[in-house]
Amino acid sequence: DYCIREYIRNRMSTLEVNTITPQSGTTLTLGGSGDTINLGSGASGLATTNGITEADTWRLNTTFVNGNTSFNDLQANLERDDSTGSGYLGTGMTESSGIFTFPSTGIWLIRQTWFVYDNADFAWFEGYIRTTINNSSYDTRVQSGANVNGRTVGSPETTTTGECFFDVTDTSTHKVRFAHQSSNSAVNIYGSTNLNGTHFTFIRLGDT
């Protein structure tokens, strides 16, 4: 009896099938609390709804002059990165008047990169990530800064980058936009339709 039990146990340690389908109307569950499920070495094709299902990059497609030293929301001239070889994962973000809407709930990584330059030195430039959870009032989540103070020759250039996590629990109310401010009204914010100068990245990291 012992030999038979060991034979059955060893034979059942490996399941070889082409497809595992749950019963109609049910959810397929692999393992339980405390279990570890390993993907064999060299195996591929494992998909999970808890992993990265969305990734998208948008950019400023036209250079413009800041124009003043006030706090300004970025509201126009934004496009998805469509350069040769580019792509995005999932449905992707949507944008209207500078306000970005998420395609699905989840924990999102938001990253900003600003490329600025001037024909004279400026004391500082600041870029902001601003989020709302009520589709109305926006809070500043990230403030990143740069300066070219003392560089008065030529056209000084610099970049600044910042990022944050955003817990999107409702795509109709949780949104993001970007803003900028500088010490000099003549600061140029660089944009291009051919490459990513000033640009913004969105990655869904997992479920909320």
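Two rings of Phe, Tyr or Trp (for Trp, the six-membered ring) form an aromatic pair if their centres lie within 6.5 Å; planes under 30 degrees apart count as stacked, over 60 as edge-to-face and the rest as tilted. The structure holds 11 such aromatic pairs.

This is a predicted model, in which local features need pLDDT of at least 70 and side-chain atom pairs count only at pLDDT 80 or more, while totals for chains, interfaces and linings use all residues. Residues are numbered from 1 along each chain as its sequence is written, and side-chain values use heavy atoms, with hydrogens and water left out.

**The whole chain.** Display the protein chain as a cartoon. The chain has 1 helix and 13 strands, where helices (H or I, at least four residues) and strands (E, at least two) are DSSP runs numbered from the N terminus. Of its 208 residues, 35% count as buried; buried means under 20% relative accessible area, exposed over 50%, and partly exposed in between (1.4 Å probe, protein chains only).

**The ring pair.** Select F100 and F178. Their ring centres are 5.8 Å apart and their planes stand at 75°, so the pair is edge-to-face. F100 belongs to strand 6 (residues 99–101) and F178 to strand 11 (residues 175–182), so the pair ties together parts that are 78 residues apart in sequence. F100 is buried at 0% relative accessibility, and F178 is buried at 1%.

**Charges over rings.** Select R80 and Y88. The charged end of R80 sits over the ring of Y88, 4.0 Å from its centre; this requires NZ of Lys or CZ of Arg within 6 Å of the ring centre and within 35 degrees of the ring normal. R177 lies over the face of Y138, at 5.5 Å from the ring centre.

**A buried loop residue.** Select F122, in the loop between strand 7 (106–117) and strand 8 (125–132). F122 is buried, with a relative accessible area of 1%. Leaving aside neighbours within four places in sequence, F122 is in contact (heavy atoms within 4.5 Å) with residues including Y117, A146, T158 and V187.

**A buried strand residue.** Finally, select N188, which is placed in strand 12 (residues 188–189). N188 is buried, at 11% relative accessible area. Beyond neighbours within four places in sequence, its contacts include T63, F64, F115 and D118.
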